[in-house]
Amino acid sequence: MVTILDKKSKPTKVSLMARKVIDEDDDDDFLDDDEEEEEDGIPEIRSEIDSDETKPKTLTRKEAIDILQTTRDFSKLDFRKANLAKLDFSNCNFETSNLSYVNFKDSNLEGCNFTNASLWNANLEGANLTRANLEDADLDYTKLRGAILYRANVRRATLPTDLIPREEILRSINEGTKVNR
């Protein structure tokens, strides 16, 4: 047991074994160290660490629509596995966002900034990515069938060349045609 003296408040007693603050009035209610460890020990601390508050929150379609109606800034947000199909995201900022497994099917992504974003295994089938900035983006395993990449910046982006030939992607960027595979 340690007593902490603070100039602004009354002395506080802290149990070193249980890491618990004890009020001055509770002196006669002390348990011995073994009982405190069982009641206030590590299992309780682990449950606090494992709680939902410490896990990153994945945003929903409704929250995405709310952002669309206000700032249109989705930078550094987590949208893993969100269904964002058939929405107009034109000129939005997705810089360094986690968009893994996101469904952007038939969405308008014209002029969007996806710099350093993770679009790993995302569904971009039928999406309009005209003039989108995909620099340093991770597009590995992304579905691009029917997507339009006209004038998109794919510098240093990881492209899904295992699924779609590089020439097919470059043809869509240069000519504005839909990706066929």
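Q: Before we start, what counts as buried here?
A: Buried means under 20% relative accessible area. One caution: this is a predicted model.

Q: Fine. Is F104 buried or exposed?
A: F104 is buried, because its relative accessibility is 0%.

Q: Which ring does F104 pair with, and in what geometry?
A: F104 pairs with F114, edge-to-face. The centres are 6.4 Å apart and the planes make an angle of 75°.

Q: Where do F104 and F114 sit in the chain?
A: Both lie in the loop between α3 (61-69) and α4 (166-175). They are 10 residues apart in sequence, so the pair ties those parts together.

Q: And F114, buried or exposed?
A: F114 is buried, also with 0% relative accessibility.

Q: Which residues make up the aromatic cluster?
A: F74, F79, F89, F94, F104 and F114 form one cluster.

Q: How many aromatic pairs are there?
A: The count is 10.

Q: What lies over the face of Y101?
A: K81 does, 5.9 Å from the ring centre.

Q: Switching to cysteines. How many disulfides?
A: The structure holds 0. C92 is in no disulfide, and its nearest cysteine sulfur belongs to C112.

Q: On to charges. How many salt bridges?
A: There are 7 salt bridges.

Q: What does K62 pair with?
A: K62 bridges to D66, with the closest N and O atoms 3.6 Å apart. The two are 4 residues apart in helix α3, so about one helical turn separates them. K62 is exposed at 60%, while D66 is partly exposed at 36%.

Q: What about α4, how far apart are R171 and E168 there?
A: They are 3 residues apart in that helix, about one helical turn. Their side chains meet in a salt bridge, 2.8 Å from N to O. R171 is partly exposed at 26%, but E168 is buried at 12%.

Q: Which residues are joined into a salt-bridge network?
A: E135, D136 and R156, through bridges that share partners. Between R156 and D136, the closest N and O atoms are 3.0 Å apart.

Q: What does the pair of R156 and D136 tie together?
A: Both residues lie in the loop between α3 and α4, so their pair ties together parts 20 residues apart in sequence. R156 is exposed at 55%, and D136 is partly exposed at 28%.

Terms used: Residues are numbered from 1 along each chain as its sequence is written. This is a predicted model: local features need pLDDT of at least 70, side-chain atom pairs count only at pLDDT 80 or more; totals for chains, interfaces and linings use all residues. Side-chain values use heavy atoms; hydrogens and water are left out. A disulfide is a pair of cysteine sulfur atoms within 2.5 Å. Rings of Phe, Tyr and Trp (its six-membered ring) pair if their centres lie within 6.5 Å; planes under 30 degrees apart count as stacked, over 60 as edge-to-face and the rest as tilted. Buried means under 20% relative accessible area, exposed over 50%, partly exposed in between (1.4 Å probe, protein chains only). A charge sits over a ring if NZ of Lys or CZ of Arg is within 6 Å of the ring centre and within 35 degrees of the ring normal. A salt bridge is a side-chain nitrogen of Lys or Arg within 4 Å of a carboxyl oxygen of Asp or Glu.
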